[in-house]
Amino acid sequence: MSVEGAPALELRSLKKSFGRPAVDGLDLEVAPGEFYALLGPNGAGKTTTLRMIAGLLQADGGDIRIFGIDARKNPIEAKRIVAWLPDEPMLYDKLDALEYLEFVAGLWSVEAGAAQRSAEGLLESLGLWPHRRERCEGFSRGMRQKLALAGALIHEPRLLMLDEPLTGLDASAARQVKSLLTERARRGATIIMTTHILEVAERLASRIGIIDRGRLIAGGTLDELRLRVGENGATLEAMFLHLTAQSSSAA
Amino acid sequence: MIGSSLAFSRFVLHDLRLSARGFASMFGPARPATVWALLVLLLAGLHAAAWPVAGWLLGVEEGPGGAARLGAGLGAGVVLVLPWMTAQSMTALTRMLFDRSDLELILSSPVGPRSFLAARVLSIAVDSVATVGVLLLPLADVAALRAHGHWLALYPALIAAGLLGTGLGVTLGMGLCLAMGPRRARLISQIAATAVGASFVLGGQVVAMLPAPMRSVILGALAPSDSSALHALIGTPVRAAEGDPAAILGFTVAGLAAFAAACALFGERFAEAALVAAGTPASGASAANRAVRFGRSVGAALRTKERRVVWRDPWLVSQLVLQAAYTMPVAVILWRHGGPTGSVGVAFTPALVVIAAQLAGALSWIALSAEDAPDFLATAPLSRRAVEQGKIAAIAQPIAVILAVPLAALSLASPWAGACALVFGAGAIASAALVNLWRQTPSRRSLVLRRHAQSKLVGLMEHLVSILWAVAAAIAVIGSWKAIVPVAGVAGALAVNWRFSAAGARGRSTGRLLGE
């Protein structure tokens with residue numbers, strides 16, 4: 001059971017090594033309802049971190065708590081309230097869009113009426129309704145990404161983790177996804193997103209964390225980050241480059 | 001545009017290099033010298049195995065009426081090999097249309113599609129010739145070593161057959177594409193290849209079951225002396241295989257002509273069909289009549305998903321049915337040969353048990369190892385055990401559908417045999433599923449027929465348990481309590497497999513499939 005008043009996500013000294021440390025004692029806290037952007041250079045440990053939270057990788061050490069639930073001890077409890085959207089959508093080519101959502105809703109035991117309403121609403125808002133009875137094998141990259149997002153949202157997760165959700169989307173699809181995510185955040189869902197498109201993070205996220213070499217090197221709102229680098233009005237891109245360069249020279 | 005002969009030779013070299021590397025990769029990280037050594041050993045082994053067979057064939061040739069008997073045998077070979085090569089080429093061509101690996105790069109280059117098609121079709125022909133040649137050509141070599149040099153005529157005859165079969169296959173495949181579109185053409189060619197493959201095995205048995213006079217007529221029609229329409233068609237290939245120089249020349253010219261005509265006629269059409277295939281939605285048809293029911297239980301959701309994934313893959317279903325079809329001739333032989341094995345129950349019950357085990361092995365591998373979205377399932381709030389239980393439960397339905405008719409027929413002929421097939425078949429299904437459950441090897445569904453190359457232990461165990469269950473079923477049909485002995489063997493084999501896999505699992509990184 002989730003704990004009232006607990007952070008949506010709490011990572012303490014999280015570690016994972018693949019020969020060399022990928023995540024190296026990461027501490028991170030995300031409050032309920034926050035839209036958190038996790039940024040970092042390639043190989044910084046963003047995806048590894050999210051995969052450990054989603055239960056796809058076993059951590060070597062440290063704690064993962066999701067709304068107070070110890071995700072390492074009670075992974076199934078934690079998974080009930082979490083959704084994970086990888087950068088490469090995982091779909092079943094031989095199922096159509098509606099059948100895919102039916103399957104996902106079944107795995108999360110979503111009540112029939114709610115699942116149907118949610119599926120229809122998600123397909124409508126993502127522009128997939130006309131394609132609802134087409135098999136996924138014929139879908140474009142963008143359609144696959146949007147359907148995977150619908151699957152991630154159909155069970156109303158309290159914590160939604162997205163790894164590069166806008167990769168491969170055209171402008172219109174990207175707008176649909178962004179407005180859906182903003183709407184979910186407004187309704188109280190906690191969203192953690194990795195992205196290399198810094199303007200998206202700048203525009204959507206309420207707080208931003210920058211990791212490098214598996215450690216959090218900076219975190220906070222845009223203004224807090226500006227204070228940290230001592231440049232008023234600096235863009236996120238400038239701050240990101242400054243902070244990661246600083247981290248590299250310190251290493 | 002680059003000169004077509006230069007482009008053709010470049011493509012041939014490109015395909016040869018890719019094929020050679022693909023072949024070498026089958027030996028793992030071995031050095032080229034090791035690969036060559038293994039290859040030489042393999043060829044030596046094939047020739048050693050061919051030695052007694054060639055001896056028997058030479059005995060037939062030198063015996064009374066030898067030439068006619070051998071001619072009939074070669075005729076039967078032509079009747080089987082040519083359609084097989086044609087069907088394989090048809091399938092390979094239609095698959096090629098959807099293989100986007102380098103097709104788009106090549107078709108976007110300033111090279112004429114005829115050169116490209118000719119090179120790719122040549123590689124299809126080489127593949128067909130090599131597949132048949134690996135069995136036939138050692139016989140020719142051994143016969144030549146034993147002073148029957150005319151057997152070497154099998155080489156040009158087989159090459160000509162490869163060219164002719166491929167030319168016909170390309171023509172038929174492209175004809176289907178033009179008539180009904182690339183996607184339907186692919187489906188039909190897959191079914192045709194399956195039917196031809198099955199007829200390969202079943203045809204011989206059907207002939208063997210015919211009354212003697214009818215059999216003589218058919219064998220007579222294949223003999224070189226016959227003047228029937230069938231022989232008019234196969235006479236030249238048969239004479240070519242026998243070593244008649246004029247026939248070799250004629251057959252080779254015919255093969256080359258068919259091959260060249262197909263490449264010349266369909267080069268541009270192939271490029272167009274590839275463009276159409278690229279733009280064809282994988283499933284354009286609306287499926288509004290298919291029921292979608294939200295609110296299923298976890299188990300029902302998993303079962304429904306697995307069922308849909310299997311039944312909607314015609315290639316997969318055709319391969320499963322073919323696998324079952326290949327086993328039946330053994331039962332027919334047992335039944336036809338009478339004696340203690342001559343009862344319907346003793347002949348067919350073990351066959352059904354073996355088929356059940358094979359289907360369960362393939363389907364459980366598909367469900368467990370060839371899961372399309374393992375990471376996604378690992379994020380669902382389910383234990384790994386729950387997911388695996390759901391998947392294993394899901395494989396029962398396709399097996400039941402495929403085996404229902406033969407099981408009902410067997411039960412009508414012999415209720416006791418039907419009951420034995422049901423009980424021992426269920427045991428075989430459970431055993432094959434457990435073997436695959438304990439030794440999962442994440443892979444792609446399309447590799448189902450080559451799954452044992454990934455884990456030879458699983459292949460060995462699947463065969464062992466299916467044979468033991470089949471033996472137990474046969475003993476039970478006779479009514480002997482000794483059926484318990486092979487069942488105990490199954491239990492022992494499964495226990496060893498479980499222990500071995502559990503030990504292996506400790507050394508592996510955990511949760512590769514389901515993120516446990």
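In which helix of chain A is Ala114(A) found? Ala114(A) belongs to helix 4, residues 112–125 of chain A. The model described here is predicted.

Ala114(A) is partly exposed, because 15 other C-beta atoms lie within 10 Å, a count between the limit of 12 or fewer for exposed and that of 20 or more for buried. Along the chain, Ala114(A) and Ile154(A) are 40 residues apart, and their C-alpha atoms are separated by 8.9 Å.

**The sheet of chain A**

Chain A has an open sheet of four strands, in the order 2-1-4-5, with antiparallel pairing. Strand 2 (20–30) and strand 5 (69–70) of chain A each have a single partner strand and stand at the edges, so one side of each has no neighbour in the sheet. Strand 1 (residues 9–18) of chain A pairs with strand 4 (residues 61–66) of chain A through five bridges, in the antiparallel sense. Opposite Leu9(A) stands Ile66(A), a residue of strand 4 of chain A. Across strand 1, strand 2 and strand 4 of chain A lies helix 1 (residues 46–53) of chain A, which runs at about 115° to strand 1 of chain A.

**Helix 6 of chain A**

Helix 6 of chain A covers residues 171–186, 16 residues in number. At 1.5 Å a residue the helix should span 22 Å, and its end C-alpha atoms are 22 Å apart, so the two values agree. Just after helix 6 of chain A, Gly188(A) has a positive phi of about 110°.

**Where the chains touch**

Contacts between the chains involve 35 residues of chain A and 34 residues of chain B. On the side of chain A that touches chain B, helix 2 (75–80), helix 3 (97–107) and helix 4 of chain A each supply at least two residues. Helix 3 of chain A gives the largest share of that side, seven residues. The table divides the side of chain A that touches chain B by class.

| Class | Number on the side of chain A that touches chain B |
|---|---|
| Nonpolar | 17 residues |
| Polar | six residues |

**Nonpolar cores**

The largest nonpolar core has 153 residues, and those touching the most other members are Val353(B), Ala356(B), Ala360(B), Trp469(B) and Ala473(B). Helix 13 (residues 344–368) of chain B provides the largest share of this core, 18 residues. Another core, of 70 residues, lies apart from it and includes Leu93(B), Ala119(B), Ala125(B) and Leu172(B). Leaving aside residues up to four places away in sequence, Ala473(B) touches Thr349(B), Pro350(B), Val353(B), Cys420(B), Ala421(B) and Phe424(B).

Terms used. Residues numbered from 1 in each chain as written. Chains lettered and ligands numbered in written order. Predicted model: local features only at pLDDT ≥ 70, side-chain atom pairs only at ≥ 80, totals over all residues. Core = buried A, V, L, I, M, F, W, Y, C linked by C-beta atoms within 7 Å. Contact = placed C-beta atoms within 7 Å. Nonpolar A, V, L, I, M, F, W, Y, C, P; charged D, E, K, R; others polar. Expected span 1.5 Å × (residues − 1). Pairing = 2+ DSSP bridges. Axes fitted to C-alpha atoms, helices over the stretch in contact; angles between N-to-C directions.
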